[in-house]
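Hello,

Here is the structure I promised to pass on. My notes follow below it.

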Amino acid sequence: MKLGAFSEFSSFIDQNDFEINGCFADTSILFAATYPLDNQNADAEDIFQTLSKKGLSVFTNVNVKHEFLEFHRRVILADS
């Protein structure tokens, strides 16, 4: 499987819909989708909206959860 750009995500899902049951999300896309000031926020939100429309699950692990919470903690500390 090749890596693609955010802009290619919808067409990739449409072409491979029968083979995909869900996906694994890393810290970067989770943070981008939940932090409005991130420069990739709009693209990340579009990806999660596409996944939701297709009914595809998003998976993560404990390490990603820890990094995600750590990034948000750093933002909160920097803002205060």
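Buried means under 20% relative accessible area, exposed over 50%, and partly exposed in between (1.4 Å probe, protein chains only). Thr27, Ile29, Leu30, Phe31, Ala32 and Ala33 of helix α2 are buried. That makes six of the eight residues of α2, so α2 is largely enclosed by the rest of the structure. Helices here are DSSP runs (H or I, at least four residues), numbered from the N terminus.

The model is predicted: local features need pLDDT of at least 70, side-chain atom pairs count only at pLDDT 80 or more, and totals for chains, interfaces and linings use all residues. Residues are numbered from 1 along each chain as its sequence is written, and side-chain values use heavy atoms, with hydrogens and water left out.

What do the buried residues of α2 pack against? They pack against α3 (41–54) and α4. Contact means heavy atoms within 4.5 Å.

Now the α2 and α4 pair. α2 covers residues 27–34 and α4 covers residues 62–79. Their axes (lines fitted to C-alpha atoms over the stretch in contact) are 9 Å apart, at an angle of about 40°. From α2, Thr27, Leu30, Phe31 and Thr34 take part. They meet Val64, Glu67, Phe68, Phe71, His72 and Val75 in α4.

Last, Tyr35. Tyr35 sits in the loop between α2 and α3. Beyond its neighbours within four places in sequence, Tyr35 is in contact with Asn41, His72 and Val75.

Best wishes

Conventions
Axes are lines fitted to C-alpha atoms, for helices over the stretch in contact, and angles run from 0 to 180 degrees between N-to-C directions. Helices (H or I, at least four residues) and strands (E, at least two) are DSSP runs, numbered from the N terminus.
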